[in-house]
Amino acid sequence: MRLFLCFFFMIIFSATAYDPLDPSGNVTIKWDIMSWTADGYVATVTMNNFQVYRHIQNPGWTLGWTWAKKEVIWSMVGAQTTEQGDCSKFKGNVPHCCKKTPTVVDLLPGVPYNQQFSNCCKGGVIGAWGQDPSAAVSQFQVSAGLAGTTNKTVKLPKNFTLLGPGPGYTCGPAKIVPSTVFLTTDKRRKTQALMTWNVTCTYSQFLARKHPSCCVSFSSFYNDTITPCPSCACGCENKKSCVKADSKILTMKGLNTPKKDNTPLLQCTHHMCPVRVHWHVKTNYKDYWRVKIAITNFNYRMNHTLWTLAVQHPNLNNVTQVFSFDYKPVSPYGSINDTGMFFGTKFYNDLLMEAGPSGNVQSEVLLQKDQKTFTFKQGWAFPRKVYFNGDECMLPPPDSYPFLPNSAQGSFASLSLTILLLLFITIW
């Protein structure tokens with residue numbers, strides 16, 4: 001019994017950082033020691049976001065660790081620590097940071113050229129790997145002192161933490177890996193790092209927040225009923241501080257300025273979600289059917305750059321055309337192609353504005369039918385899972401989905417019976 005309970009809890013805790021639609025998604029932090037100094041080393045730190053549809057949005061990433069010995073940071077390029085710490089024992093050259101547990105953030109765009117490093121200075125924003133691999137990386141350079149000066153004397157930092165921008169990430173221990181190999185610009189010579197170690201961080205929505213951050217509503221052409229988001233789908237803690245859509249407060253200057261602690265200012269709704277995704281079954285053709293997707297932002301203090309929408313539906317294996325969004329299939333299990341990622345077209349609708357008249361984006365999707373599986377019965381036309389910016393949204397209960405009227409079901413049955421009678425008459 002003890003063995004069973006132990007195994008059960010191992011499954012529960014290991015599953016908290018597991019995403020079934022992106023099972024291998026993670027953020028990998030790589031340290032490459034590029035040169036030795038008199039009392040330490042100069043390293044290039046690279047953060048690769050290998051998550052298919054989860055990005056790190058504004059105000060960006062925050063990286064922390066604990067030094068193994070009494071190391072200090074002499075200088076940084078492409079990033080900075082938030083605190084210098086107590087450097088009073090140093091005379092002459094004063095380190096950039098003397099804290100045992102430094103906290104590092106990216107630099108903002110537009111910093112002087114001599115402070116920049118490759119893939120830096122984006123305010124901590126890192127794109128999703130599936131959306132744009134070239135934007136899914138952030139780098140900076142750190143010069144560490146009072147550290148080891150050989151592969152044998154260097155002690156790896158420990159207790160890595162990553163905020164992206166809030167909680168949710170859990171980082172494993174640093175592990176020494178084969179040194180990174182670099183190709184020169186003329187591609188005729190290879191060089192390699194003197195030493196390399198990796199840290200892997202995985203995301204768990206359960207650690208990030210108590211409630212979902214988005215919800216889903218449904219409607220269809222064959223039923224006048226609109227299935228709304230569930231009540232208090234995202235918790236009702238902000239119900240007392242929400243703002244009605246016609247409130248005079250919305251005319252105040254500075255209302256849309258984000259708070260340092262990212263406290264939302266939500267529009268008053270029954271679901272109290274910052275974001276709602278609406279799926280409308282719009283039209284039925286002979287060989288195709290059409291869906292309209294609308295994403296609405298209800299947070300007056302947050303706009304979403306590089307937003308993503310991941311949807312699981314069996315007919316996404318045959319998407320014919322997406323009209324106003326970009327689209328990529330997501331196939332984590334190879335042969336099963338039932339998941340896709342929608343995201344904004346660059347410079348057109350890749351920014352979801354804060355709540356208000358412009359706080360929505362929408363597109364229509366044309367899908368080709370598979371006559372063996374296609375049906376409007378029992379909610380088949382609606383998605384199984386929906387993720388906005390990598391967080392799973394709350395769906396309505398299945399018994400509330402728009403259903404086919406009895407007359408429609410009867411007409412389908414009558415049509416089938418008529419076809420069978422005609423075949424019978426033809427044969428005889």
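The entries below take the sheet and then the rings.

I note that this is a predicted model, in which local features need pLDDT of at least 70 and side-chain atom pairs count only at pLDDT 80 or more, while totals for chains, interfaces and linings use all residues. Residues are numbered from 1 along each chain as its sequence is written, and side-chain values use heavy atoms, with hydrogens and water left out.

I looked up the strand order and found an open sheet of six strands, 15-14-16-17-24-20, with mixed pairing; strands are DSSP runs of E of at least two residues, numbered from the N terminus, and two of them pair if DSSP finds at least two bridges between them. Strand 15 (223–227) and strand 20 (319–322) are at the edges with a single partner strand each, so one side of each has no neighbour in the sheet. Strand 14 (residues 214–220) and strand 16 (residues 275–284) run parallel, joined by seven bridges, and Ser217 stands opposite His278 in strand 16.

**Rings.** I then counted 25 aromatic pairs, where rings of Phe, Tyr and Trp (its six-membered ring) pair if their centres lie within 6.5 Å, and planes under 30 degrees apart count as stacked, over 60 as edge-to-face and the rest as tilted. Trp31 and Phe160 are edge-to-face, at 6.2 Å centre to centre and 80° between the planes, and they lie 129 residues apart, in strand 1 and strand 8. Trp31 counts as buried (under 20% relative accessible area, with exposed over 50% and partly exposed in between, 1.4 Å probe, protein chains only) at 0% relative accessibility, and Phe160 is buried at 5%.

Key. Helices (H or I, at least four residues) and strands (E, at least two) are DSSP runs, numbered from the N terminus.
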